[in-house]
Amino acid sequence: MTALPASQGDARLRQIALARQSVLLDGTELTEALASAWLDRTWIMQSWRRCLALGHQPQARVAFDPVPASARADAPDAHAALLAAARPELQRLAAAIAPIRYFVLLTDAQGCVIDTAGAIDHRNRAIHAIARVGVDLSERSVGTTAIGAALGERAPVWLHRGEHFFNDTAVYSCAGAPLFGPDGACLGMIDVTGVDAPERPELKHLVAQSAQSIEDALVLARPHALRLHLAWPAGWRVAGGGEGAGLLCLDAHGQVTGANATARQMLP
């Protein structure tokens, strides 16, 4: 993995600064040139506007509040299946991104951290603020992030520095992907974050792959008598991804006990 060239990185930061000036400070629409460059980033501006509607201001301090202690104590039991399926992949992903100074977070469907992995330096205040089990990283709590965006958009996302809503969170660069259970319900999301790190948009694809591995593990953990691996015909291109194998598990009576996202696309 290689970072964007310095000239491209500087141009991206200038583009982000202009978008923030227009939407967050001036309350205006983007210029035509800037809007065309942000065609695939309109969800970020929608998130910014939701934050403004909640009464948040970009310059306000972010508290990074933990959820109540009782909720943290209940998390291992409440998310036992997800944690068991995710931990091997979290460790694998953390090892892969360690050289570029990114680490891994796992949240529940409300955006609260339930596990972390990687080289997490708690002496760094920005890292310590978010890399703690029980911290609420939902959009309502900490504004626009990959956590809230992945859960809201139900799709992999990438955010770089000032694309986050609050000035306090502009030190982060992060990619996130939602996690769906064997029945198709959203269980949470997986996130990789760097602090004052170069932009790595390719991490969006990496977390999407990790999310699929975790979802497959969740499906296989369901009791089943028969496991089917499904594949798209050669040469088919599927809207929205679906690149991996479809995984379908059946009980002894032929009833579906679980399916991954690709299988649900194939057999709605």
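In which strand is the place of T257? T257 belongs to strand β8, residues 256–259; helices (H or I, at least four residues) and strands (E, at least two) are DSSP runs, numbered from the N terminus. The model is predicted, so local features need pLDDT of at least 70 and side-chain atom pairs count only at pLDDT 80 or more, while totals for chains, interfaces and linings use all residues. Residues are numbered from 1 along each chain as its sequence is written, and side-chain values use heavy atoms, with hydrogens and water left out.

T257 counts as buried because its relative accessibility is 17%. Buried means under 20% relative accessible area, exposed over 50%, and partly exposed in between, with a 1.4 Å probe and protein chains only. Apart from neighbours within four places in sequence, T257 has contacts with P182, R222, P223, H224, C249, L250 and D251, contact meaning heavy atoms within 4.5 Å.

Strand β8 is part of an open sheet of three strands, in the order β6-β7-β8, with antiparallel pairing. Strands β6 (226–230) and β8 are at the edges with a single partner strand each, so one side of each has no neighbour in the sheet. From one strand to the next the twist averages 20 degrees. Here two strands pair if DSSP finds at least two bridges between them. β6 and β7 (residues 246–250) run antiparallel and are joined by five bridges; in one of these strands, β7, G246 is the bridge partner of L230. Three bridges pair β7 with β8, also in the antiparallel sense, and L250 has V256 in β8 as its bridge partner. The two strands β7 and β8 make a hairpin with five residues between them, and G254 in the turn has a positive phi of about 85 degrees.

Next comes helix α9. With 19 residues (203–221) at 1.5 Å a residue, α9 should span 27 Å, and its end C-alpha atoms are 27 Å apart, so the two values agree. The expected span is 1.5 Å times one less than the number of residues. Buried residues of α9 include L203, L206, V207, S210, A211 and I214; E215 and D216 are also among them. An α-helix has 3.6 residues a turn, so residues three or four places apart point the same way.

A further sheet, also open, has five strands in the order β2-β1-β5-β4-β3, and the pairing is antiparallel. Its edges are β2 (113–117) and β3, each with a single partner strand, so one side of each is left without a neighbour in the sheet. The twist between one strand and the next averages 20 degrees. Four bridges pair β3 with β4 in the antiparallel sense, and V157 is opposite G176 in β4. Helix α9 lies across β1, β3, β4 and β5 and runs at about 30 degrees to β4; axes are lines fitted to C-alpha atoms, for helices over the stretch in contact, and angles run from 0 to 180 degrees between N-to-C directions.

Which residues touch the most other members of the largest nonpolar core? They are W48, F64, F103, I130 and L137, in a core of 37 residues. Such a core is a set of buried Ala, Val, Leu, Ile, Met, Phe, Trp, Tyr and Cys residues joined through side-chain atoms within 4.5 Å. Elements that each supply at least two residues of this core include α1 (6–26), α3 (42–53), β1 (102–108) and β5 (186–195). Leaving out residues up to four places away in sequence, L137 touches F64, L105, G111, V113, I130, V142, T145, I147 and G148. A second, separate core has 27 residues, including I114, L206, V207 and A211.

The structure also holds seven salt bridges, a salt bridge being a side-chain nitrogen of Lys or Arg within 4 Å of a carboxyl oxygen of Asp or Glu. In one of them, R50 pairs with E139, and the closest N and O atoms are 2.8 Å apart. R50 in helix α3 and E139 in helix α7 (residues 139–142) are 89 residues apart, so this pair links distant parts of the chain. R50 is partly exposed at 38% relative accessible area, whereas E139 is buried at 15%. R87 forms a salt bridge with D115, with 2.9 Å between the closest N and O atoms. R87 lies in helix α5 (residues 80–97) and D115 in strand β2, 28 residues apart. R92 and E89 form another salt bridge, at 2.6 Å between the closest N and O atoms, and both lie in helix α5, three residues apart, about one turn of the helix. R12, E163 and E199 are linked in a network of salt bridges.
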